[in-house]
Structures are given as C-alpha cells and as structure tokens.
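Hi everyone, thanks for coming.

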Amino acid sequence: MINLRRVITRLFMASCVFYPSILHATDIPLDIINEAEDGFSFTRLGINAGVNNGDPKEYLFDTGSDSFNIAVGMNSNGTMPSWFPQNTGTAISSPYGYMYGDGTYGYLQSDTTASNIQFYNSVTGNKVADYDTSGGLGVAVIQASIATEDRINSDDIGQQISPDTPGLDPSQAYYQDLSWQRSLDAGAAPDENHFYGIMGAGDFIYPGDNGGVPGQLTKSGYIVEANGTATTPGNCGASCLIVGLTPALRAQFFTQVPWRSVIGSFPLSGANAGRQFDSMFKYALDNGQSTRAMPTLLDSGTPMIIVGSNDLLDQASNAGATGSDGYSNDVDPGHTLSITGNTANAQTVSITTGDGAQGDQTNVLTLGSNIYTPDNYTLEGVSFFLHNAVMYDLENAVTGYTPFYVSDADFSDGLNVSSDMGALGLAGVISGSKDVNIQSGGIAYLTNSNSYTGATNIADKGWLGIGGPGSIAQSSVVNVNGTFDIAHSDAGQTIRSLSGNGQVVLGDNTLLLSQAQDVFSGSIRDDYADGSTRADMVPVPILTGGADQTHGGIIIAGGRETFSGNNSYSGKTGITSDAELILTGKIDKSVVENAGRFENNGETTAMVNSTGIVSGNGLFAGGLTVKQGIVTPGAVLTNGGGNMAVSQNLVLDSDATYLTQVGSTSASMITVNGTAQINGATLVSLATAQTGRPALGQHYDILTASDGISGQFGAVKSNLTGDSAIYPFLTTGVDYKQNVVSLEVERSQITFTSAAQSRNEQNVASTLDRLSPTSSLALPATLLNFAGARNAFNSLSGEIHASARTALIQNATEIRDMAINRMRLADCLPGATTAKTSNHNSGAVCDSDEGQTLWMQSYGNWSKNGHTANAAGMNNSVGGFVLGGETSLIPRWHIGALVGYGHSGFSVGERSSSGHSNNVTLGGYANTNWDRLGLRMGATYTWDRLATRRKVLYSDFTDQQSSRYNGGTTQAFADIGYRFDIGRVMVEPFGNAAYINQHTNAFREQGGAAALSGHALSTNMAYATFGSRLASRMTLGKTTVLTPNATIGYRHAFGTITPSIRQNFLSGSSDFNVSGVPLAQNSAMVSAGLQAQIKQRLQLGVSYTGQYGTRYSESGIKGNISWIF
C-alpha cells in the first residue's frame, strides 16, 4: 500500500517524449490480480511493461504513486537485469530511501531514465504500445527492499543500510530484506510474488519526483478502469489503461470533479499535475448525514478504503456498526458507503462494506484518524476502480468517473451488446452496414460519430445512450423497445427514423428525424417516466432550470413519422415543409410548430401553430393557430371530411385556408370549446369525385365555438363551381351565427345556359334557368357538370316531335313519285312503273287515247338522317301501297285518282325516343302531251296519325313520356319532260316541282314532370328536281316485253328544311322552341327497275330508288302489278 511519504528526495530531469496521435487513444490492458494469504484476499492491478526494449515484466499499477520503481537488486557483477538494460552514458543517482506507510518499510533505490517504454498484453504476449522517451522517462531502480528490524523475519535480515542515506529516518535502523533479493536471484517477482516494482500512475507530482508514467506519456490525460467483465468487447478485456483523451472519451464521464489546484507539470509531456489528494468527495454511510467535501486520493495501489472522518466514525459507532473484526475504526460488513464527487449533479457510487476479519479486503472501510491520511482526507482504494472508470483529465484539471466501462475500440461488423458485458461506454467508431443490437439488459453509451448504416435495435429492458459529440445519424432506423437516451448529447441528435414501443429520453436536447418512415408507439419524454426501469449506473438527465422549464423537443425534418404512444416533453415539436407527422397518440406539453403536414388523430395539450397543412380528427387541447397554410378536419381529400376538436382558442389568420370537405350528408367540422377568431381567412369547400353528392339546399355546420365566433372569412371558394368542376351549378354560401358558422349549398351564378352548346340545348337550358332552382326539373340538373347538363337538356327537349315532321315530309315523296310514274305510263312512255290496262295493238304499241285503267303499287323505304350540331340523327322506315284508276275520255288528257295507306316508324336513339305514324292518302292527277313533250300534275292530302314514346334520364331524375296526336301533309306537284330516242334507248330529260305543307296538331304528353305540351304548327317548303329518265324495250318470245329503266337526278329543297316545334313543360314553364333533324337540302336521286309485259293484260315491275345527300341517305324498293280489263 502506497501513501504519503515522510521523506522524498528525487532527481528531477527535464526531458521530452514522442506521443502517439491523440486523435485515437492507446489502449493498454491492465491485469486484475487477486492475492490470497491467511484467509484474506486482496485485489491488485498490474501492468505488463518493458523499458529500454528489455524483457517485459509485471508491475503494480498504482495511481497513488508518482514514481516508476523497477526492481533490479544487487548482484555481484554489478550489471543490470534483462528487464532493465542500461543505456550507455545514462546517469544513475546515489541511492536513497523511498519509504511507504508509516515510514518503516520501503525501497533503497536510485533515479535514472529510460529511453523508451513498451506495453504488452500479458495474456497473449503481444506488444500493444511503444513510446519513444529518448528525452528521458524518469524511473527509479530498486537495489533492495528495506525495513526496520521488527518488520523483517529474523532469517531474512540482511546488512544495515547507512543511516546517512537520504530519505531514511535517522532515528531508526533499516536493514535489507534478503527474501526480496532471493526472489530476484531465483527469477521470481520479488514483490508479492507478482510484481517487479511499482509503476506510479498518479496525476500528481511532488517537487523533485519523476512523476507517474501515464502523465509523462500524454498531455491530455488518461483513463484507468477495472470495471469490465469477461465478455467486455474492446482491446483490453476487463481492465484497461487508455492513454490520451479524445472528445468522445471525455464525453463518457458524467461526473467530472475539478482538482483543488494545479501545482506543477509532468516531465516529458509538460501536462498539468495536481496534488496527491486532488479531488473533493463527500461520504455518507447508510444514507445518513453526508460528510463535508474531503480531499480524496483514488489509489489503485491500496486494497481498502480509508475515510479520515471522525464525524462519520461517530455516526457508525453510535449506530453500532463498527468493530466486528476487532478494530473499532472498521465498519462492519454489509453497510452502504455512498461516495459522491463534490460537483453539481455528481453521480453517487455505492459500495457495500467488506469484512475486515476475513475474505476480500477490497471493500473494507476504515473510518476516523489513521496513520495513512490526515484527518478529513480519504484514501479510496482499488475498489473504486472495480466499480468505475476513472478519467484523469490533465488538460482540464479534472478527475472524472463513470460506472460505464469505457472503450475507444472501433467496430466494423455490427455489434451485439448483452447484459453480461456490463455497462459499456463506447467512444470508438462503429461503421459498416450491419446492425447494432442492444439486447435485453444490455447497456451502451455512445459518444463518437458513428457511420454504420444498419438498424439500431434496442430490446425491451435494453438501454442506449448517445452523449457528447456522439451520433448515429446514418443508422437506417432506431427501433426502440427499451430506452433511447440522448439527454447528455452536446447538441441534440439526428436519426433517420424512429420505431418501436419503448421510451426516448430527451433531457434538454432535440431529436431530429431526417428520413422518417415508421411508427413509434412508445413514449418520448424529457426525463424518465415514473415507474420506468432505469439501471443505477444510468444518470438522471439534468433539466436546465428545473422540470417546469422548456427542455427537449422533436423535429420531423423529412419523410413521414407516426406517433401512436403517449409523449410528454416540453420542447417544441417541429415539422418542416418536407415532412409529415401523424399523431394517433398524445403529445403533452410540447408546442407544435408545423410547416409541413400534421395529422392529429390523437391529442395535443399545448398550442399548435401551423403554416403548413394541419388535419385530423383529434383534439387540440392547447389551442390551434393557423397562420398560413391549410386546416382541414379528417384526412385530406376524403369523403365528407372529419371532425376536429379544439380546446381554448382557434385562430385562423388572413393567410390561412379552412378546407371543408363536403359530402352528401356531412362536411368537415371544427368544434371549439372556447373562442374562434376568423381574421379574414379563406374558406374552401371541396367535393371530389370520391365524395357523395351535395344537394341544393343542404346545410352543413362547419365551425362551432362555445364562447363565440368573431370575424368572417375573407374569401369563399369552392370546386363546386367553374367550367371543369364537378358541380358547376352549385356553390357554397356562409351563414354566421354567434356560435356557429354554416355552409349553405346554394345555386351558383353559373346558368344552365352557360353549359349549353346547341340551339336546342340553349332553349331548354334557358327554360330551366327561369324555373325555380328547387323545381323537379331544375333541382336534379344542379347536380350535373357541364357535359351531364347538356345530356339532360337534350333528354328534356322532346326533339322527337320535331324530327317526326321531317319523317312525314320525306314520306310524301313516295306518293308523288308513284303518281308521276303512273302518268308517264299513261303516255305510253317506256320505263314507267305503272301500266295502262287496255287498247294495246298487236305490236304492243300503247294507245293513249282510249280506255280506263286500274293500277296498284306497293313500296318500302328506309332512310337515315345524320346528326347535326343541334339535333341527333334519325332512322326512318316507311311502307305501304297505293291504288289508282284513270280515264282518257277527255281528248289528249288522262285524269285519275288514287288512295293509299302507309305506316312509318322513326327513332332517335341518342334521345331515347321513337314513334310511328299511320298514314291515309287521297289524291288526283292529270297529264297530257304535245308530241314528245309531256306534262304531268297532281295533288294529294295525307292524314297522319302519330304516336311517340321517349325516356328522360339525367342525374337522379327518371321519367317516361308518350303522346298521340294527328297531322296532315298537303302537296301539289308538276312534272315536265321531253322525250327523244337514241337508237333503242329512250331518253327523257325532265324537271319537276312540288310544294308541301306539313301540319301537326297540338299535343300533350302523358308522363311525369318532364311531359311536354306542344303547339299546333305548319311547315311550308318546296322541292325542285332535275334529271333524265332512260329506258329501252326488248321482246322475249311472242308476248313478253321487257323494259329496263333508270333515272338519275338532282333535287333541291326550298323553304323551312329544319322542322321545329314550340312547346312547354306541363309542370310549368314558358314556351321554348326545339328543332328536329333537317331535311336534305341537296341530294342525288337514282333509280333502276325492270318492267315485264307478261301477257296482254298482265304487267309486273320492280325497282330500286335512292336519295343521297349531306347527312341523309334513303333506299327503297317498289313493286307493281297491273291488270287490264
């Protein structure tokens, strides 16, 4: 045991040393050596070292000494042993006494220097460090172990040491201990059978002393620790000397006790040196009254604890806690000694006292006055190093301690921290792509800037702290199911993402999530939650200003994070413009500053200030202020929005937007249990294709405030209006009451006419615009967009009634053409499709001047009128027959009459409409000729019996209409042609004209609200046709004459070619006009046929007819039979 010396005489040599770089410290293993003797055991720390490149030997590692003493002994040839080769020319001082304890034992030694020193791993034999100390590392070579006669066995007493030897008490006689020399001579360690001397490692120096070895090798400082385990990772094992301090190593020490003073400097390094008892500690027994701060020496060379406090001894004695081992100053085993550095927020080290009567003496506690320390001084032995890592920070003149085993080893292949490793302080760099796993019960404290990219996994009951300059910013995710503590970081922490269900302890620091993408269901707090498990060695966060001040916070800087647990931290929660936070749990105390997206489906208890997007169905119990950006209850763009609750106050500033999401039966709602202040914010009502349809007249409460609402919205916008909107005919009005703000779905300023494109659409739309918006026809139209509205207008239009007039006019052509053809045949013109019935000569030559004729012709016709920009296309078919009779009693004239029946069907598919007409026709005709010039004329009247059906379908409106009404078609016509022959072919250029009046009576549809009432109307128009007819005759056999024929021509229509109707809705409306599909204004006519005179009295014929114009085509087949009688 080493302590104050009574006499110290040392040779001081100014010198220098070459240091390894302190960017990374040097790790030197220490050996934990257990000595046993007579039922007692002692723990020693050893170090394996060589000097001057000599053999390595084990030395007692003693932080209570400032001298490196090397046993060389006395031999007959005067040479140095292999473990201390002497450098030529190196001076050695005269011997002096170096005494310990009470001054009755010590060494006879001389001072010299070593030019280098090496350190080894005693287990592997590998060299771990090599220092060039060519400037002269001060060492003392021991010639003999000396003591007073009563301390040496009689058989081991050697020669007396000269009383004039410096360093000895002249009043006592000292002798050489021969057993020490015999051990050396036998090749054994002379000190305690383990050591070849003592390597002083104290952070102090006495004037003239050489100084401890570590202090001469580093200017920054060093660490001594023996608190590891057999599985502790790193370069040393359970015990280590770390030479050189980095910021990461310094940050490992939660408690740093200032020295009493700096009183000198170390040789070689020039580092600061303090007093032997340089640090102040307080002591308490069994949680009793603490001592005053006492100068303390942390002495790894002493195997016990000596606290020179008589006050503490009195406490123990009065409690009956001393003397069980026979010494009244020794505390009985099983008591708790609390050791606390005299500095703010220092950690307390607790040691259970040992039994001075037997067993391990490491924790034996002696109190009161003693021969080893002055009163109120403390000598804290090796026990302190077995419980703590101790930092001697020479540069900053402080002594630090921590219960963590500190290592600056680097790891590049991931790391698994288990409970059997003890508490690890990792000051090296963890790199690579693999995970860092803190297993259950594992404890690790990281203080370097780590670069690993794997995950960080903290299991249940695991603990990971990041402190000082430490960082794990590149880790892919921090999965916390245990505890993640950043309270001791220098400037907060950045991680990519946070997951798990454990707890995060912030202290005064801010945790920033740079690439968030996970759900954290645990708790984020300033301090440890009440009842949470915290290992004794884990320090309590020191909250600046106390618990009532603002401390740690959270920043979501990128990505999307979800907090689903109950969080309680007092610093701000920041959400940047590129980030999103979804809260389904609770954030207590923290003011939320949102510049990105904050979806609160849980609860906040402090103010939320937003300049981004704030949404959700949660509770803002501390109030909500939207300075700019958007607030919308529920999730953004969802059906019908959601419900947001605000306690205290809601403020919507002028740059803010309240987005209400309107559905079919509900809208977004903010319920304020307090006041709501609207400072000219913008109100936007939003309906999307995914939401239900709003309806005109719907009423939505969007904001309520129990203590009143002040102000109004500065602008009201809606996607229910506009050309491309979903509901252009609806808009939202705002109704302000004392405690409620409501949306009213109203008719917008956009008219139905704005959506119309065609004349028909415009006329119907204009009629709807004049109706009440809530009428049965207008109301469903308000739910349509422009395209849907146009379909509604057309569906309502009743266009079939106008297009039916087109069909009837086109049908009249059939009767007219058949009458003209009959008159041509009466003039015996070949190619006519009706036949005269009498007076043929034997050469089949027609006699046009005599007889009476009856004839009949059937017909069929199919036509298609193409759609226009205004009207839909129509398909039409007609078929029927005509009977006629004539006479030639008036010279050069043929006069006849006809009667006919026809049925036509027409449909307008795009309007879901169809109809038919039954037609009865009466007419008369007359014709004559002047040589080759022929004139034909006639007039007809057709009674039309019409029926229509149509469906009206738009929005949610469905109706079916039908009608029956009469009409009539009057026409007069004339045809003139001139015949000439070209060989066997007859050619007749012709021209004809027709006037048509088409009349329909008034009608009333049967059906619902969309039923129409139409006025009686007449349409006048005319046709002019020009072309040529061609025919030829050929005889087949004796009686059969075949006559092929063809006609080509051009027809032009005049007058009202687009029929229309004027009508109104029976449910109540003004009149409006609707036009049908137009007649063809210009068309080409073609026909081809064949007539056969079978017998003298029988004639048959068939022909094809067609008309082709712009958006119009017609095809027909006619057949005829004539009988002469």
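Arginine 911 is buried, at 10% relative accessibility, where buried means under 20% relative accessible area, exposed means over 50%, and partly exposed is in between, using a 1.4 Å probe and protein chains only. Its salt-bridge partner is glutamate 910, with the closest N and O atoms 4.0 Å apart. Glutamate 910 itself is exposed, with a relative accessible area of 56%. By salt bridge I mean a side-chain nitrogen of Lys or Arg within 4 Å of a carboxyl oxygen of Asp or Glu.

A word on the basis: this is a predicted model, where local features need pLDDT of at least 70, side-chain atom pairs count only at pLDDT 80 or more, and totals for chains, interfaces and linings use all residues. Residues are numbered from 1 along each chain as its sequence is written, and side-chain values use heavy atoms, leaving out hydrogens and water.

Searching the whole structure gives 23 salt bridges. Here is another: glutamate 580 pairs with arginine 560, with 3.2 Å between the closest N and O atoms. Glutamate 580 is buried at 12%, while arginine 560 is partly exposed at 45%.

Glutamate 988 and arginine 1029 form a salt bridge at 3.1 Å, N to O. Glutamate 988 sits in strand β70 (residues 985-1000) and arginine 1029 in strand β73 (residues 1017-1032), so this pair ties together parts 41 residues apart in sequence. Strands here are DSSP runs of E, at least two residues, numbered from the N terminus. Both glutamate 988 and arginine 1029 are buried. Through shared partners, salt bridges join Arg824, Arg936, Asp975, Glu988 and Arg1029 into one network.

Technical notes. Helices (H or I, at least four residues) and strands (E, at least two) are DSSP runs, numbered from the N terminus.
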